[in-house]
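Here are a few friendly notes to read alongside the model. Keep the structure open and look up each place as we come to it.

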Amino acid sequence: MSGVVHAPSEVRRARYAVAAVFTVHGAVTGSFATRVPWIQDHAGVSAGQLGFALAFTAFGASCAMPLAGWITHRFGSRRALTGLLALWTMSLTLPSLAPNLLSLCLAMFTYGATSGMADVVMNALGVEVETRLDKSIMSGLHGMWSAGALIGSAAGTLAAHLGSDARVHHALAAAILTVLGLLVCRWVLDVRPTEDEEAPPRFALPPRSAVLIGAVGFCAVFAEGASLDWSAVYLRDQLEASAGLAAACTTGFMLTMAAARIAGDAVVNRFGAVRTVRAGGALAALGGVLIVLAGYPAVAMAGFGLMGLGIAVVVPLCFAAAGHSGPNPSQAIAGVATITYTSGLIAPGLIGGVAQATSLVVSFGVVTALACGLVAFAGVLRGGERRTGAKVAPPAAAVPGPRT
């Protein structure tokens with residue numbers, strides 16, 4: 001990377017700017033999720049066809065994320081993020097315009113591809129700022145993403161309650177979020193390659209280190225996807241809870257994750273990434289045990305809360321570890337992101353398949369076992385662990401400049 005030196009005030013400003021980027025990115029997701037029923041009705045697709053179309057989101061992201069490193073190398077981090085974030089916010093308008101299954105699949109592919117590429121670049125920039133500050137910020141950044149998703153979800157819920165046309169709602173939301181994204185991207189770090197630095201390939205398999213880190217993220221995202229999609233069903237079907245109480249369980253899980261991510265950096269800075277993930281895995285496993293053994297809704301809700309608390313910081317720390325694992329952080333982060341996206345894609349269906357063959361209790365036994373995997377394999381994050389004792393010299397000739 002280039003030898004440009006960034007002043008401490010510029011780095012601090014970049015921290016707030018990239019946090020705002022995470023919030024904008026999350027708000028798009030929240031805005032879309034609340035209008036899925038309207039989109040299904042407008043496209044005239046069945047529940048099975050809708051699930052098929054939604055799978056194209058992860059497919060598009062997985063196909064496009066490896067391109068993010070090449071785009072960043074070609075245009076620099078600031079221009080890359082500005083363009084990709086704008087494409088992502090504007091892609092919010094596409095699903096609600098789709099009149100049939102084929103167009104909905106194409107819209108979701110584009111939606112996922114732009115989301116994935118913007119996701120990789122903003123996480124790479126988050127790692128870049130974290131390196132210069134020499135303290136953990138990735139958990140807080142992902143907490144801002146969760147906060148943005150909640151904001152977008154709240155606005156979408158209001159729009160749905162008022163019976164507004166999702167095409168109008170999403171056009172307005174896309175316009176506002178695009179403008180906000182363009183504004184905040186002006187203040188992110190502009191990291192550029194040196195003249196003799198070789199461009200990364202447009203498509204490449206993730207490095208071995210990213211595969212190992214991604215496996216840890218896989219466990220956390222699997223538990224997250226299972227809890228988000230099945231917690232309400234679990235309470236309703238297994239414990240005969242009311243619809244309102246079942247929905248409150250899912251909302252509580254999301255709020256627990258958001259709060260834990262926002263507060264997580266202080267824990268990571270104090271104890272380090274490995275010990276934090278091991279403790280989180282133990283909490284998530286305990287939550288899983290409560291879910292499996294629950295005889296009352298309150299016990300299961302406490303279990304889902306512990307699950308959310310335990311896995312909240314794992315994915316941010318996986319991205320941070322990937323960013324510190326080699327000379328090309330964007331490529332490593334893209335590899336980890338691809339693995340975690342795959343986990344999020346297969347988790348709901350696999351939980352349903354196991355439940356169909358056995359029961360939801362057995363399904364969450366599988367989730368509990370994966371949470372135990374966080375305890376066992378947290379050591380692979382050691383390369384990206386924030387320093388909790390002796391200080392490490394900053395990169396690039398003892399001054400806070402771009403990482404080489």
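How many helices and how many strands does the protein have?

1. **The overall make-up.** The protein has 17 helices and 0 strands. Please keep in mind as you look around that this is a predicted model. Of its 404 residues, 50% are buried. The exposed surface comes to about 16500 Å², and carbon and sulfur atoms supply 68% of that area.

2. **Contacts across the chain.** Take the contacts between residues at least 6 apart in sequence: 87% of them join residues that are at least 24 apart.

3. **Helix 12 and helix 13.** Find helix 12, residues 273–293, and then helix 13, residues 297–311. Their axes come within 7 Å and cross at roughly 160 degrees. Angles over 145 degrees count as roughly antiparallel, and therefore helix 12 and helix 13 are roughly antiparallel to each other. The crossing of this pair is left-handed.

4. **What makes that contact.** On the helix 12 side, the contact residues include Gly280, Gly281, Ala284, Gly287 and Gly288. Helix 13 contributes residues including Ala300, Gly303, Phe304, Met307 and Gly310. How do the residues of this contact divide into nonpolar, polar and charged? There are 12 nonpolar and 6 polar residues, and no charged ones.

5. Is Ser146 buried or exposed? Ser146 counts as buried because its relative accessibility is 10%, and the cut-off for buried is under 20%. Ala155, with a relative accessible area of 43%, is partly exposed.

6. **Partners of these two residues.** Ser146 and Thr23 are 123 residues apart in sequence, yet their C-alpha atoms are 7.4 Å apart in space. Setting aside neighbours within four places in sequence, Ser146 is in contact with Ala258 and Arg261. For Ala155, look up Ser31: the two are 124 residues apart along the chain, and their C-alpha atoms are separated by 7.0 Å.

7. **A residue in helix 4.** Thr72 lies in helix 4, which spans residues 67–75. With a relative accessible area of 9%, Thr72 is buried. Which residues is Thr72 in contact with, leaving aside its neighbours within four places in sequence? They are Ser77, Ala80, Val121 and Ser330.

8. **Two loop residues with positive phi.** Asp134 has a positive phi of about 55 degrees although it is not a glycine. Glu240, also a residue other than glycine, has a positive phi near 55 degrees. Where do they lie? Asp134 is in the loop between helix 7 (101–133) and helix 8, while Glu240 is in the loop between helix 10 (208–239) and helix 11 (243–271).

9. Asp134 is buried, with a relative accessible area of 16%. Glu240, at 71% relative accessibility, counts as exposed, since the cut-off for exposed is over 50%.

Technical notes
Residues are numbered from 1 along each chain as its sequence is written. This is a predicted model: local features need pLDDT of at least 70, side-chain atom pairs count only at pLDDT 80 or more; totals for chains, interfaces and linings use all residues. Side-chain values use heavy atoms; hydrogens and water are left out. Axes are lines fitted to C-alpha atoms, for helices over the stretch in contact, and angles run from 0 to 180 degrees between N-to-C directions. Helices (H or I, at least four residues) and strands (E, at least two) are DSSP runs, numbered from the N terminus. Angles under 35 degrees count as roughly parallel, over 145 as roughly antiparallel, 65 to 115 as roughly perpendicular and the rest as oblique. A crossing is left-handed if the near helix is turned anticlockwise from the far one by less than a right angle, and right-handed if clockwise. Contact means heavy atoms within 4.5 Å. Ala, Val, Leu, Ile, Met, Phe, Trp, Tyr, Cys and Pro count as nonpolar, Asp, Glu, Lys and Arg as charged, and the others, Gly among them, as polar. Buried means under 20% relative accessible area, exposed over 50%, partly exposed in between (1.4 Å probe, protein chains only). Accessible areas come from the Shrake-Rupley method with a 1.4 Å probe; for residues, only the protein chains shown count as cover.
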